[in-house]
Every structure is written in structure tokens, then in C-alpha cells.
Amino acid sequence: MSATHSAAAEPSGAGDDSVARLVDVHYAVDGKPIFRGLDIAIRRGEVTAIMGPSGTGKTTLLRLVTGQVFADAGQVIVDGRDVGSLDRRALYALRRRMGMLFQNGALLTDLDVFENVAFPLREHTRLPEHLIRNVVLMKLHAVGLRGAAELYPQQLSGGMGRRVALARAIAMDPDILIYDEPFAGLDPISMGVVLRLIRQLNDALSISSIVVTHDVREISQIADTSYILSDGQVVASGKRKELESSSSEIVRQFIGGHADGPVPFHYPAPDYHEQLLGGAVS
Amino acid sequence: MRPSRTIDLSTGLFVLLGFAAILFLVTQITNREFSLGTSGSYRVNAQFENIGGLKTGAPVSMSGVTVGRVESIGFDMDALKAVVTLRIDGRYDRIPEDSDASIFTAGLLGGQYIGITPGGAEEFLHDGSRVEFVQDAIVLENLISKYLFSQADKGKATEPSPQE
Amino acid sequence: MTGLGAELLASAQSFVRTVGATTRFLLHLLALTPAGLLRFRLVVEQVYNAGALSLVIIMTSGLFVGMVLGLQGYDLLQRFGSEDSLGTGAALALLRELGPVVTALLFAGRAGTSLASEIGLMRATDQLSAMEIMAVDPMRRVVLPRFLGGAISVPLLTAVFIAVGLFGVQLVGVQFLGVDQGSFWSQMRGAVELGDVTEGLIKGAVFGVACSLVAVYEGYNAEPTAEGVGRATTRTVVISAVLTLILDYILTAIML
């Protein structure tokens, strides 16, 4: 598989402006390789999109960044420190500076919206009740759901649930925000809302955002840098214009949404003719 | 924002109910003698040839009233007899020294216990005393063989003198 | 090695591994317990969920078990002319065996499944993962309080079961069948010792730990799918039941 790297997004050396970096990361599950030499740089203050066909391990990449899994080879560097070398305490300290939005929100179902957003504050700080209340209301206001504070997750629509999860993710004012498929299953309006929030929060809170998605059209409206993964490696990276003018076949198939190409339409199967007629010949 | 008050209340009630049940079980259905503490109780011992099925914890009674418990059972290699240590409740501190300790059986098939029949001495048992007069447990085999021998003797006595 | 033999060996291996994993899980929970008890609020909530909410089923079952015991016991003892010993027999049966075992089985069915499915569902909807990302240890926040809630509730439920059961025996024996009230209680008092009560409560405590452990372990390790949670729930009941009965034998042998 040919790998086309755009010069502008090449990971730079030490002392750069990247808040997170994956350097030549290899990772396999049950013998099946998922990443074979992955190089990604997340620039500080930017919205970075990670895209690729289903199954390329985009969620796994996020778990490498948060330290939920560890690379077999290579380095995962977040905020200047190798995640793989951190002990439990340091890892937890690092995670407090990250916020993550899960695919289905992952709100705690036995707590209401207010308590969900307050959860990290209650667990990690000893703020007095009235301060917690203020912070929670501010975060909910930022996502437009201050009025839903007393509802339970079961009562929220998909889009609303995701916004509450976002409010929770920013409750502790993280440095890095990670979004795992934030647009999956949303109607156009909700999608627009989430898009706007991602960009606004990134700029207003001066953070860096990593968005894993395959909604190319949506994310390209707000992403500063994009990476396209395929077969365990980066096949294209850079700004929107660079990707669209890429000569790589897989990139063109992905961006154009073509049904057949380097990612084949047919799942590997024996010869059609033989399988249909082969049985008749005894 | 959470109905925590009801939860606290219900949990509290539940725990109290649980403890009440435990208290009930412990006090109402057990024999109250667990209060036979060490408040002034004293030990005496007695030696037996045969203790039969006597076990530690068996009651020691006088006139049917439990006054103590069998604390331990051992064997004296010098006297070659079983030594039974009895713990008597401190309230019963005027048991005559010459009292008699016997091993009885409760009911037909019940457990064995020690019954103390008071004597007439003016000295009383105190901590460390030895009960001198004892009666062993009745062992069925001995009874049977006694009976058989006594029958055999009777037979000899009533046997007609040999004929001419 | 034949197919069957290889399968058995694999089953045996996986069994041993599960035992090992469960033991490590238990030790981890025990290590976290002192700190966990300080988060009083969470534990109280779980005692409520596991204990208070199980009260109704425990009391109902206790009552009926007691009543059946009264009926059966009376019928049996009456053949030997010892109806007066009904109190003794029933009390001992309830205290030493029926109370702890039936309570544990009911607990596994009602609360154990609830615990397993709750935790399993949290696993399946990424809630546990989300907690980890938020730097909150799900073992401390979710698993431990539930484990403690169960372990604390079961001995209490056992005591309630036995007490209500005795009431049931009394109801049938004395009120319905005419056993003399005085003899009923005095015979019982004469024969039941403190050791019998503690035997029942110790069993209750041990079963409580075992059933709660199985429930939270299965939930925590459930496959993150709908079927996975369902399977975990079923396994909780089955394993809790078998484990309870095995432990019952072991404890009885030790304590007699």
C-alpha cells in the first residue's frame, strides 16, 4: 500500500508544537496487526481529524493516546511524556487533563444530567457545592443544555445526550479533547450543532481536539489537519485541499465515497461461476 | 436532586431490622446460660474410672438445676483415672465438701451430665477442690455382664444336688 | 489425545484459570475495602439496593418456609409423640441450614442478578471506560460499593429470614396445630445454644461474600454486548447457587 505523506504534516522533531505524537507505533491484537508503523502528530490548538474506512482501528488509536492500551513498539507521547512509561498514578494525572466524548455518550444512567456533568468535579476536587453548581451550569450552558439539568440520560435524544457528554468532558477544563465518532447517527441539525461546538470549544478554551470520524464532508469544514488511515498506516495527511488533490487511490476512494476501489466491494469468496455451477457437475 | 433521604431511611430501617432479628435470635431462643461468665465462678475437679459419653460443656446440676458446666476432661497418668474439671457458677459457693458427683444420662438416649448430690460437711468446695465421692458412668456392657454372672450364680445356688 | 479428552482438559484449564482470576479479583476488592468503607454514601446506597429491596422476598419466603417446616415437623414428630420438640427441631434447622442457604439462593436470584446486569450494562455502554478516562477507578466507584453492599446485607437478611421463619413455625405449630406454646419455646431455649446462632450468621456472612463476589465479577467481566450481559446474569445465579451449597458442606463440616 503506497503511503503518501504531505510535507506540511510531517511530525517534527523534539521541542515542536505538538501536544500528542505517535511515533512508529506498532500494535496487534491476538496476532492480528492493527498498526504497523503509525506516525501522527496532533498540533497544539488545532482540530485534528483522524479518518479511514471502518475497521482500521481508529478507536484503538484513541485508546493508545489515553493509555487504556499500550503499544507493542514505538512511542505514544502526550504532553512530552511517553504514555507507555507512566505508572498508574501518573497515568491518572494525565487523564485528568484529557476529556473524551464516547460514541454513544456513555453517560452514567443512574445519575441525572446535572450529576453526570458534576461527576468528575465530585471525584477529583473538593469544591464546595455552590461552586460545583456554578461550574456545571456554565458547562451545560456552553453546550446549550442548561435547561435539561434535571433530566435523566434515558430521557434525552441522541444529540442531546452527546452534548451532555461533551459538557462532562469539558467539566475539568482539559487540555485535550478527544471525540470518538461524534456525528454517528445524528440528524443534520444535531450534526451542525456538534460541529459548531467542536470548533468553538477548541478556540474558546484554547485546547487541542482530536476527532475520529468518517464523516468526511462534515469534519473537513472545521478540521485544521486531517489524517487518513488505512491498513494500519497513515496514507494521507494535511489540510483539506492537499487531501482532495492526493493521487493515492485509497484516499480518492475514501473522500469520493466510491463503492469499489482499493477497499473492495466483494468480501473475498471463491470464484462465483464455480460456486454456482460447480455443484451441478457431479 | 436525588431522593437520597428515602434511601437513607430505608437502609437505616433495614439495618436496624437486621440487628433486631439477630438480637432476637441470640437472646430469645438460646438457653440464657451463656451468661455463665467468669464472674466469680470457680473450678473443682473429680476423678472417674469411666466417664462414659460425658463431653465438655455438659451441664453440672444439683437437684435438677444447672449450677455449672464441664470445662475440660483429661487423663491423669499417675492415678490412671479420668480427670474432669467442673466450672461452678459463683452463686453456688456453699456446696459441702463431701458431696457426691455422679454421671447420669438425660432421658433414655440423651447426653450425659454430672449430678451433684450434697453431703453434710460444714466445709465447702472452693476453687481447686477435689470432689472425693464419685460415681462412674453406667456402661451398658458392664451391666450386661454383671447380669449374666448374677444369673449364673443364681443357677448354681438353685441347682439340685447331684443325684445318688 | 481424543477430542473429548482434549475438550475436558481445556475445560479444566479454563476452570482453574477462572478460579485464579476470581481469587485475584476478591483480593483486590478486599485490599480496597478499608478505603471503600469511607465512601459511606455509596455503600449505603448499595446496601439499600441489595438488602432493603430484598426484604420483601426474604420475609415472604421466610414465613412460608417456616410454615412448611411447622407442618412437616409436626407430622414427623407426632409419630414419635414428641410434638413438643417442634420448636427445637425447627429452630435448629432454620438456624443452621435453611436460613443461610435459602437466603443466599434468594439473594443470588434477586440481588445478584441485579448487580451483575447493572455492572455488565455499564461495561457494554462504555460507562466503565468513560470513568477510566475521567481518571476514576471503576473498581472503587462501581464494583466495590456493590460488593460491600451485598456482603453486609446477606447476614442481616439471614437473621430476618430465620426470625420470620420461626414466627411461621410458631404460627402453624402453636396456633393451627395446637402444640403447647410454653413447651414450644422452652424446649427450644433448652436445646439451642449461642453456637448455633453464630453458626448460622457465620454461614450467612460467608455466603454473602461469595454470592456478591460472583455477581460483581461476572458483571465486570461480561462481554460488552446484550447477549453477554444476559449470559453473565445467568451464570451469576448458577455459580452462586452451586458455590453456596459447596461452601455449606465445608462450613458445616468445619463447625460441627
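Domain bounds here come from an automatic or database domain assignment. The structure is a predicted model, in which local features need pLDDT of at least 70, side-chain atom pairs count only at pLDDT 80 or more, and totals for chains, interfaces and linings use all residues. Residues are numbered from 1 along each chain as its sequence is written, while chains are lettered from A and ligands numbered from 1 in the order in which they are written.

**First stop: chain B**

Please select residues 1-30 of chain B, which form domain 1, and then residues 38-142, which form domain 2. Taken over C-alpha atoms, the centres of these two domains of chain B are separated by 44 Å.

**Second stop: chain B against chain C**

Show chains B and C together. Their contact takes 17 residues from chain B and 22 residues from chain C, two residues being in contact if their C-beta atoms, placed from the backbone, lie within 7 Å. On the side of chain B that touches chain C there are 11 nonpolar, 5 polar and 1 charged residues. Here Ala, Val, Leu, Ile, Met, Phe, Trp, Tyr, Cys and Pro count as nonpolar, Asp, Glu, Lys and Arg as charged, and the others, Gly among them, as polar.

Helices (H or I, at least four residues) are DSSP runs, numbered from the N terminus. Axes are lines fitted to C-alpha atoms, for helices over the stretch in contact, and angles run from 0 to 180 degrees between N-to-C directions.

To see the contact, display residues of α1(B) including G18(B), A21(B) and F24(B), and residues of α6(C) including L156(C), A159(C) and A163(C). This contact has 12 nonpolar residues, 1 polar and no charged.

Now select helix α4 (residues 86-124) and helix α9 (residues 226-255) of chain C, which pack at about 150° with axes 8 Å apart. α4(C) is therefore roughly antiparallel to α9(C). Among the residues in contact are A108(C), G112(C) and A116(C) of α4(C), together with T233(C), T236(C) and D248(C) of α9(C). By class, the contact of α4(C) with α9(C) comprises 11 nonpolar, 10 polar and 1 charged.

**Last stop: chain C against chain A**

Finally, display chains A and C: 14 residues from chain A and 10 residues from chain C make the contact. The side of chain C that touches chain A has 5 nonpolar, 3 polar and 2 charged residues.

Definitions and conventions. Helices (H or I, at least four residues) and strands (E, at least two) are DSSP runs, numbered from the N terminus. Angles under 35 degrees count as roughly parallel, over 145 as roughly antiparallel, 65 to 115 as roughly perpendicular and the rest as oblique.
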